[in-house]
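Subject: Structure for you to look at

Hello,

Here is the structure I promised to pass on. Please open it and keep it beside you while you read.

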Amino acid sequence: MNNIYKYGFALLAACVSAGALTSCGDWTEQESIDLVYNTPDKANPAQYAKYLEGIRQYRQTDHKLTYVWFNNPAGDQVTNTRAERVMALPDSVDFVVFNNPASLTETTISDMKEAREKKGMKFSYVIDFDAIKLAYLNHVATSTEENPFDVDFLDFVTDTASTTLAYAKKNGFDGIMIGYNGKNTSHLTAAELTEYKKQELVFIGIMSDWHARNPEMLIDFIGKPQNVANKDLVNDCHVLFLSESQSANSTYGFGMAVAMASVEGVPTDRFGVVTTYLDPSDEKIGHMVDGSLCVTSLANWASGENVKAAGFTNTVYDYYNVAKPYPVLREAIQILNPSNL
């Protein structure tokens with residue numbers, strides 16, 4: 001990350017030194033207020049412009065990529081706080097993965113355009129096979145004689161995947177993330193194996209066809225690449241996020257996820273690991289077994305490992321801080337790509 005500091009972060013530091021908190025109100029709950037900061041672009045626009053030039057140059061350097069899952073408001077909702085704003089995310093975030101890609105607010109669309117042009121950020125979303133299957137099973141479970149649900153599963157997969165893929169260009173994303181865990185097939189019966197292969201062939205086939213027709217769009221992967229039978233699509237992916245890393249409660253778990261995915265046919269030079277920030281509704285979420293933050297632990301581990309990217313979910317709760325928004329996420333990015341500052 002040295003280049004970004006060479007070209008811009010020293011300038012940003014000068015701007016931030018004047019950027020004290022101007023208003024926080026009576027902060028009793030995270031959801032009750034928005035924090036207003038005197039941001040660098042307002043403190044010193046000329047220096048901030050040079051800083052942004054450094055950010056864009058940083059994108060072209062060899063560094064560990066940072067992905068952030070972002071709970072964007074749906075199109076029919078109102079953007080209430082800066083925690084729901086793309087432009088409030090740390091500038092060094094490389095990819096923003098939207099949780100609600102179907103419908104975007106005008107504010108979000110505007111933020112995407114500005115962040116892409118000024119900072120070089122890119123935007124994506126996940127199309128997940130397991131989520132599609134769960135939606136199908138929910139439809140089946142709630143089917144009644146009065147309101148029957150009589151749709152073939154593979155037809156449902158095809159329709160849902162095709163609809164979701166259309167969001168990529170319709171809503172201005174830079175690419176997609178393909179979610180597929182699959183399973184170890186060694187214990188399946190012949191009939192189960194036939195059905196399993198049929199389902200994978202349909203889903204992966206749809207993704208492969210879309211990729212072939214849209215080569216300019218980036219594709220990432222999250223899941224278990226070792227379980228994908230035809231690994232051609234896996235080899236075309238930019239980053240392979242390992243879903244098993246999400247449940248790791250120690251750095252050993254991160255290493256095990258990498259080890260399990262390192263099989264013949266899977267490119268090991270593009271692995272990504274992903275973890276979560278804290279969740280106010282469950283104190284167990286976001287902590288490692290030793291009590292440390294998962295985000296910080298992952299950054300420390302990944303900084304010394306041959307992984308291409310680190311991903312962080314649930315980071316909206318890291319926004320609310322009286323000194324500076326996203327302090328834990330910012331520290332993680334700094335650990336992943338140390339500066340010379």
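Predicted model: local features only at pLDDT ≥ 70, side-chain atom pairs only at ≥ 80, totals over all residues.

**The whole chain**

The protein chain has 341 residues, and 47% of them count as buried. It is built with 12 helices and 10 strands. Take the contacts in the chain with a separation of 6 or more: 75% of them come from residues 24 or more positions apart. The chain exposes about 16,400 Å². Carbon and sulfur atoms supply 50% of that area.

**α6 and α8**

Two packed helices are described by the angle between their axes and the distance between the axes. Start with helix α6, residues 153-165, and helix α8, residues 190-213. They pack at an angle of about 20°. Their axes are 10 Å apart. An angle under 35 degrees counts as roughly parallel, so α6 and α8 are roughly parallel to each other. α6 passes α8 in a right-handed crossing.

Which residues meet here? From α6 come Phe 153, Leu 154, Val 157, Thr 158, Ala 161 and Leu 165. From α8 come Lys 198, Gln 199, Val 202, Phe 203, Ile 206, Met 207 and Trp 210. By class, the contact of α6 with α8 has 10 nonpolar, 2 polar and 1 charged residues.

**α5 and α6**

Helix α6 also packs with helix α5, residues 129-141. Their axes come within 10 Å and cross at roughly 125°. That makes α5 oblique to α6. This crossing is right-handed.

On the α5 side, the contact is made by Phe 129, Ile 132, Lys 133, Ala 135, Tyr 136 and His 139. On the α6 side, Phe 153, Phe 156, Val 157, Thr 160 and Ala 161 take part. By class, this contact of α5 with α6 has 8 nonpolar, 2 polar and 1 charged residues.

Look at Phe 153, Val 157 and Ala 161 in α6. They are among the residues that meet α8, and they are also among those in contact with α5.

**α11**

Now find helix α11, residues 294-303. Is α11 mostly covered or mostly open? It is mostly covered, with 8 of its 10 residues buried. The buried ones are Cys 294, Val 295, Thr 296, Ser 297, Leu 298, Ala 299, Trp 301 and Ala 302. What covers them includes two helices, α10 (251-261) and α12 (327-336). The cover also includes two strands, β9 (271-276) and β10 (309-313).

Best wishes

Conventions
Residues numbered from 1 in each chain as written. Heavy atoms only, no water. Axes fitted to C-alpha atoms, helices over the stretch in contact; angles between N-to-C directions. Helix = DSSP H or I, 4+ residues; strand = E, 2+ residues; numbered from the N terminus. Parallel < 35°, antiparallel > 145°, perpendicular 65-115°, else oblique. Left-handed = near helix turned anticlockwise from the far one by under 90°. Contact = heavy atoms within 4.5 Å. Nonpolar A, V, L, I, M, F, W, Y, C, P; charged D, E, K, R; others polar. Buried < 20%, exposed > 50% of the residue type's maximum accessible area, 1.4 Å probe, protein only. Areas by Shrake-Rupley, 256 points an atom, 1.4 Å probe, with all protein chains shown as cover.
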